[in-house]
Amino acid sequence: MGVQEQYPFDVEAVRADFPILDRKVGGDPETPGEGPGDDTPLVYLDNAATSHTPDAVVDTIADYYRGYNANVHRGIHQLSQEASVAYEEAHDTVADFVGASGREEIVFTKNTTEAMNLVAYAWGLEELGPGDNVVLTQMEHHSSLVTWQQIGKRTGADVRFIEVTDEGRLDMEHAAECIDDDTQMVSVVHVSNTLGTVNPIPEIAAMAHDHDAYVFADGAQSVPTRPVDVKDLGVDFLAFSGHKMCGPTGIGALYGREEILDEMQPYLYGGDMIRRVSFEDSTWEDLPWKFEAGTPSIAQGIAFAAAIEYLEEIGMENVQAHEDLLAEYAYDRLTDLGGVEIYGPPGHDRGGLVAFNVEGVHAHDLSSILNDYGVAIRAGDHCTQPLHDEMGVAASARASFYLYNTVEEIDALVEAVGEARDLFA
Amino acid sequence: MGLGSDMYRQQILDHYKNPRNYGELEDPDFTHVGENPSCGDTIRMQVALDDAGETIDAVRFTGDGCAISMASASMLSERLHGMSVEELDELDTDDVTEMLGVDISPMRVKCAVLGRQVAQDGSKIHRGELDPDDRTKTEE
């Protein structure tokens, strides 16, 4: 025992908020719950892909559809007013959560990827050209890597990649070489979804701003798992997804500094984003609505705020402390097991995920075998194919933790990994 | 819990650890390479036909990938020996899973059928029915 005593909050009480954690797995996927072996407790360690949703958030969605379902910003009737106020206030909640000045700086998007694309299209296509460059890192998720790569091709701007050291950290000397006076944008993943590296965003932001470049932090893995404040980070843009932080799918957010968003032209045109339309021309609604064309994900937006309220109840410092505890424990136990190669920085200095390979076992085989033990992990390239090329492997297994995971679940992971290793020995 | 997945019965593990017909042919009638990019599975199949060009005389494969894809290619290489090119064309996913003798979970079917796809595409290219620039992929 011992490690459990260091939990920063009552994990069992948190688990009770997530009924899905009680389900059993192992049966036929076509007929869940009916097949043989469907009595294995679920050990869900794929939180970097998507997190589960507590009752309070599910209830928020149901309350909306049962109680005040209406389109926003459209009608004068009471339901529309209630829906509009809740949807707008959700922006305030998100803004407070990341230290933005107000709702003007928070655009609701489908997810992190759409937030990236919004800036890439609305700002990048307009502002970039031959001679300019965009600086990324080798550990970018495809959401940023592919987006800026393609914008680079369309505009003639150069796209550079800050190299990753053998220990899985950014080579800051190389960063200083990459970022120069022609750099217009530096887009960096805050916490790597593959290496678990926590990148020094304030330092990178200072380097970028010295050269009058903007900084975009990919917060998909950091905002759900630790306190994040845009002013402390010094970023101009931050993107994150609701479904990785106890919220529903289909909702995410772009933070952008107000003066930059003000200058940017809309990315999508249509209803809700306009102020005055004639046959000849149109003018745009105020921020953030200028960037939210069409009927938005209303229930999801309101539920996103409910998810944030749920996390704030526990406290993001506590969520981070729990993640750190589990990451270090998993790192140590997998290391002790032997025959396991772990990617990225040491256990005491990483986000709450561990990507690894077991000697002689392909990651997909490993994941299939772990599935029989009820252990859900990710196997594949985690949307970082070029990084995997650099690591010299086609795929890896990844266990990622969240506030409801326990030390016992990591024990179950390690035991199953050991069984898989022995099966293939 | 039993030992490991039902998918990893002894036969699969045996073919994975000791692949049959692994290597190269000196004088193949056709050689074809295919991959599943997201898994990183790659398989290269070589086939030699009889003088009439109708029956498969010899098969060799090389590759890199998960146990399901490698074992499937190994078992297929044995199965193809003596098979007509028409019969090769007609091999479908059910034939492959039947050959493997285990239930393949939906997410892994693309691994199981890679070897078959490489052999079929190679044969079609050899007959001029498929553009050789079309690389074999069993995923979207």
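Which residue just after H5(A) takes a positive phi? A:Gly156 does, at about 85 degrees. The model is predicted, and every value below is computed from it. Chain A is assigned two domains, domain 1 (4-41 + 315-424) and domain 2 (56-313).

**Domains of chain A**

- The C-alpha centres of domain 1 and domain 2 of chain A are separated by 28 Å.
- Contact between the two involves 32 residues of domain 1 of chain A and 30 residues of domain 2 of chain A.

**Largest cavity**

- The largest cavity has a volume of about 100 Å³. Its lining consists of 15 residues, and those closest to its centre are A:Ala48, A:Gln221, A:Thr225, A:Glu323 and A:Phe401.
- By residue class, the lining of the largest cavity splits into 6 nonpolar, 6 polar and 3 charged.
- Both domains take part in the lining of the largest cavity: domain 1 (4-41 + 315-424) and domain 2 (56-313) of chain A each supply at least three residues.

**Second largest pocket**

- The second largest pocket holds about 300 Å³ of space.
- Its lining has 19 residues, and A:Asn357, A:Val361, A:His362, A:Val393 and A:Ala395 are the ones nearest the centre of the pocket.
- Strand E13 (340-343) and strand E14 (353-358) of chain A are the elements that contribute two or more residues to this lining. E13(A) gives the most, with 3 residues.
- The lining of the second largest pocket comprises 10 nonpolar, 6 polar and 3 charged residues.

**Helix H2 of chain A**

- The buried residues in H2(A) are A:Val57, A:Thr60, A:Tyr64 and A:Tyr68.
- An α-helix has 3.6 residues a turn, so residues three or four places apart point the same way.
- Helix H3 (78-98) and helix H10 (298-314) of chain A are what the buried residues of H2(A) pack against.

**Helix H5 of chain A**

- Helix H5 (residues 142-155) of chain A also has its length checked: its 14 residues reach 19 Å from first C-alpha to last, close to the 20 Å expected at 1.5 Å a residue.
- Buried residues of H5(A) include A:His142, A:Ser143, A:Ser144, A:Leu145 and A:Thr147. Further along H5(A), A:Trp148, A:Ile151, A:Gly152 and A:Thr155 are buried as well.

**A:Ala253**

- A:Ala253 is part of strand E10 (residues 252-256) of chain A, and it is buried, with a relative accessible area of 0%.
- Beyond its neighbours within four places in sequence, A:Ala253 is in contact with A:Val94, A:Ile106, A:Val107, A:Phe108, A:Thr109, A:Ala115, A:Leu238, A:Ala239, A:Phe240 and A:Phe304.
- A:Ser241 is 12 residues from A:Ala253 in sequence, and their C-alpha atoms are 6.4 Å apart in space.

**Backbone exceptions**

- Most residues other than glycine have a negative phi, and most peptide bonds are trans.
- The peptide bond between A:Leu287 and A:Pro288 is cis, with omega about -5 degrees. A:Pro288 sits in the loop between strand E12 (282-284) and H10 of chain A.
- A:His382 is not a glycine, yet its phi is positive at about 50 degrees. This residue lies in the loop between strand E16 (378-380) and H13 of chain A, and it is buried, with a relative accessible area of 0%.
- In chain B, B:Asn21 is likewise not a glycine and has a positive phi of about 55 degrees. B:Asn21 is located in the loop between helix H1 (10-17) and strand E1 (30-36) of chain B.
- Is B:Asn21 buried, exposed or partly exposed? B:Asn21 is partly exposed, because its relative accessible area is 28%.

Conventions:
Residues numbered from 1 in each chain as written. Chains lettered and ligands numbered in written order. Predicted model: local features only at pLDDT ≥ 70, side-chain atom pairs only at ≥ 80, totals over all residues. Heavy atoms only, no water. 1 Å grid on protein atoms, 1.4 Å probe; cavity = no way out; pocket = protein on both sides within 12 Å on 5 of 7 lines; lining within 4 Å. Points joined across faces, edges and corners; volume = space filled by probe spheres on them. Nonpolar A, V, L, I, M, F, W, Y, C, P; charged D, E, K, R; others polar. Domains from an automatic or database assignment. Buried < 20%, exposed > 50% of the residue type's maximum accessible area, 1.4 Å probe, protein only. Helix = DSSP H or I, 4+ residues; strand = E, 2+ residues; numbered from the N terminus. Contact = heavy atoms within 4.5 Å. Expected span 1.5 Å × (residues − 1).
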